[in-house]
Amino acid sequence: KEHDKKIKIGFSQAMTTDEWRRQMNQSMMVEASLHPETELTIKDAHNDVKQQIKDIERLISEGVDILLVSPIEARPLDSVIKKALNQGVPVVAIDRKTDKEDFTAFIGADNIEVGRNAAKYIVANTRGVINIIEITGADASSPAYERSLGFKQIVDQNPQLKITDKIRGNWELPSAKSQLKALLAHRKETSYIFAHNDRMALGAWEAAKELGVEKNIKIIGVDALNTPNGGIELVKKGTLTATILYPNGGNEAIKLAITIHNREPFAKNNILNTIVVDRNNAEIIENQMDKVDQQQKVIEGQLEAIKIQEQEFSSQKHLVRLLSFF
Ligand code: FRU
């Protein structure tokens, strides 16, 4: 059967409530369509760790050849990933890691570097004592841990920088905004906020705005999506001072999965580039991203046209077969 020859790629996605993850899924789907020898299945765990474990078990029992996982939390997923590996299914961690880092390969940006870049930006652009509030992502997820770690490394080397408070923002706007609003009322001397993603950074700005102090505080986020209300636009509008680009790695992950499946040489750590986006380069980066988006749209259009042709062809074949009865 033709079906059995396909490389079955299973992806356990943490959630798809936000644009960053929708783009990750989209770029995986486009890349997979460009490789007709692959068959991609995406399961959405809805930010529920137990569900994610079930999803992975399901993908293993459905007989995937290779597993991609973006782990909601680092620790609870170690054992189910071990299970996949024990059954001979290679596992690629994407964006988030597991605790023991026991997987076949990782693909994503270096989150320690992301945190360092945010702190270096503050050091390079400000003088005197700098009081910072940090808004972290979900406690148990690896990017939150690593972004904090990298940020602190640079803060510790620069005595003029001080993290006065850490808010656990849980990756989302509402939790970041409400907690920051309560805190900011008592933190008049804050000059910077580092939020672990742009959604929380926007929440931080809204909180500051409601307190009438948005002009006194510079906000740095992470992700730099090129969408309405995405980081690029927020930097261009001046809502955010900067954002650190965090590529989703969807298409690279599919390519890596195929490489591993074909037993070609690959690196265990596949680090994607990150860059600081501020008002000086936001426009240039936006133009670049627009071009990539346009190319992706063209590819999607072509794939769609091929699909329609295939459907017409197979219905014609069907018709010919029917006619040949008479
Ligand atoms: C999307 C997201 C991004 C963040 C990433 C970290 O779900 O919250 O905003 O950069 O996850 O894994």
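**A guided look at the chain**

Modeller: Among contacts between residues at least 6 apart in sequence, 72% join residues at least 24 apart; two residues are in contact if their C-beta atoms, placed from the backbone, lie within 7 Å. Do keep in mind that this is a predicted model, where local features need pLDDT of at least 70, side-chain atom pairs count only at pLDDT 80 or more, and totals for chains, interfaces and linings use all residues. Residues are numbered from 1 along each chain as its sequence is written.

Biologist: Thanks! What percentage of the residues in the chain is buried?

Modeller: A residue is buried if 20 or more other C-beta atoms lie within 10 Å of its own, exposed if 12 or fewer, and partly exposed in between, with C-beta atoms placed from the backbone. The chain has 326 residues, and the buried share is 42%.

Biologist: Which helix and which strand each supply at least two residues of the shell around the ligand?

Modeller: Helices (H or I, at least four residues) and strands (E, at least two) are DSSP runs, numbered from the N terminus. The residues surrounding the ligand include Trp20, Arg21, Val222 and Asp223. The two elements you want are helix H2 (19–33) and strand S9 (218–223).

Biologist: At roughly what angle do the axes of helix H5 and helix H6 cross?

Modeller: Axes are lines fitted to C-alpha atoms, for helices over the stretch in contact, and angles run from 0 to 180 degrees between N-to-C directions. H5 covers residues 111–125 and H6 residues 142–157, and their axes come within 6 Å. Contact residues include Val114 and Ala118 of H5, and Leu149 and Phe151 of H6. The crossing angle is roughly 40°.

Biologist: Is Lys181 buried, exposed or partly exposed?

Modeller: Lys181 sits in helix H7 (residues 173–184). Leaving out residues up to four places away in sequence, Lys181 touches Ala207, Glu210 and Leu211. Because 17 other C-beta atoms lie within 10 Å, Lys181 is partly exposed.

Conventions
A residue is near a molecule or strand if its C-beta atom, placed from the backbone, lies within 6 Å of it.
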